[in-house]
Amino acid sequence: MAKGLVVTLCFVLLVSVTAATQFKIGGSGEWKVPESGAKSYNQWAEANRFKMDDNIAFTYPANQDSVLLVDLNAYNSCDVSSPIDRFTDGNTIFTFARSGSFYFISGNQDNCKNGEKLHIVVLANRNNSTGLAPSPSLSPPVEAPPAEAPPAEAPSSSSAPPPPSDQGEITPSSSTPPPPNAASFPMISLMGILGLAFVPFLNILV
């Protein structure tokens, strides 16, 4: 029983929060030049809270007046020449489809200068739905991981310097010297004989 009561109360609260409200301009709905000493339309607007999907009703003589939706410059100068939108049906209901400022003036410039003008600020819904595309959120930049140093390459065996060569070393020859020529022996014997023959003459001379 208690659980069902809680659910019902939550549903009623949700409906009351999200349900649109219709406002009547100035409280009475009459769109006209304010009487002397009466609240201005802006004073009435400041005492109310407008949210998205709410609407406001304007009642006026269709053949004598109109409602113009304008920008800030036209609102301040009561410029009726180029409104954003114009309503002339005498029973206008305008719905606030977005949050922000809305500016209304009378289609009669003299009426506007005499106070028949309205500025309303519409609040965004609690879920931040403004009727406009949401701005993208900024994410902190993600730092890239540091690059790993390439592994050191092993020295190649082909790059090793060749062992030093002993250029000064002389390799002995394995060949044996040739034997003396046999023709030289008779020449040596002849010279010996001649030497012996001259020895006596040398003794005489001495």
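D53 lies in the loop between strands β2 (50-51) and β3 (55-59), in a model that is predicted. Helices (H or I, at least four residues) and strands (E, at least two) are DSSP runs, numbered from the N terminus. The phi angle of D53 is near 80 degrees, a positive value in a residue other than glycine. D53 counts as partly exposed, at 42% relative accessibility; buried stands for under 20% relative accessible area, exposed for over 50%, and partly exposed for what lies in between (1.4 Å probe, protein chains only).

**Basis of the values**

- Because the model is predicted, local features need pLDDT of at least 70 and side-chain atom pairs count only at pLDDT 80 or more, whereas totals for chains, interfaces and linings use all residues.
- Residues are numbered from 1 along each chain as its sequence is written, and side-chain values use heavy atoms, with hydrogens and water left out.

**Confidence**

- The mean pLDDT (the predictor's confidence in each residue, from 0 to 100) is 75 for the protein, and 52% of the residues reach 70 or more.
- Residues 10-16 have pLDDT below 50, and this stretch has zero contacts in the model beyond near neighbours in sequence; a contact means heavy atoms within 4.5 Å.

**Overall architecture**

- The protein contains five helices and eight strands.
- Along the sequence, these elements follow the pattern α-β-α-β-β-β-α-β-β-β-α-β-α.
- Of the 206 residues in the protein, 20% are buried.
- Among contacts between residues at least 6 apart in sequence, 73% join residues at least 24 apart.
- The accessible surface comes to about 16,000 Å², with 61% of it belonging to carbon and sulfur atoms; such areas come from the Shrake-Rupley method with a 1.4 Å probe, and for residues only the protein chains shown count as cover.

**The disulfide**

- The structure holds one disulfide, a term for a pair of cysteine sulfur atoms within 2.5 Å.
- C78 and C112 form this link, with their sulfur atoms 2.1 Å apart.
- The link of C78 and C112 is left-handed, with -80 degrees about the S-S bond.
- Because C78 lies in the loop between α3 and β5 and C112 in helix α4 (residues 109-113), the pair ties together parts that are 34 residues apart in sequence.
- C78 is buried, with a relative accessible area of 4%, and C112 is buried as well, at 1%.
- The loop that holds C78 runs between α3 (72-77) and β5 (85-87).
- The phi angle of C78 is near 55 degrees, a positive value in a residue other than glycine.

**S106 and its surroundings**

- S106 is part of strand β7 (residues 100-106) and is buried, with a relative accessible area of 0%.
- The side chain of S106 reaches the backbone nitrogen of N108 at 3.1 Å.
- Leaving aside residues up to four places away in sequence, S106 touches W31, D65, S66, L68, V80, N111, C112 and E116.
- One of these neighbours, C112, is the disulfide partner of C78.

Definitions and conventions. Polar contact = N/O pair within 3.5 Å; in protein donor to acceptor, adjacent residues only side chain to side chain.
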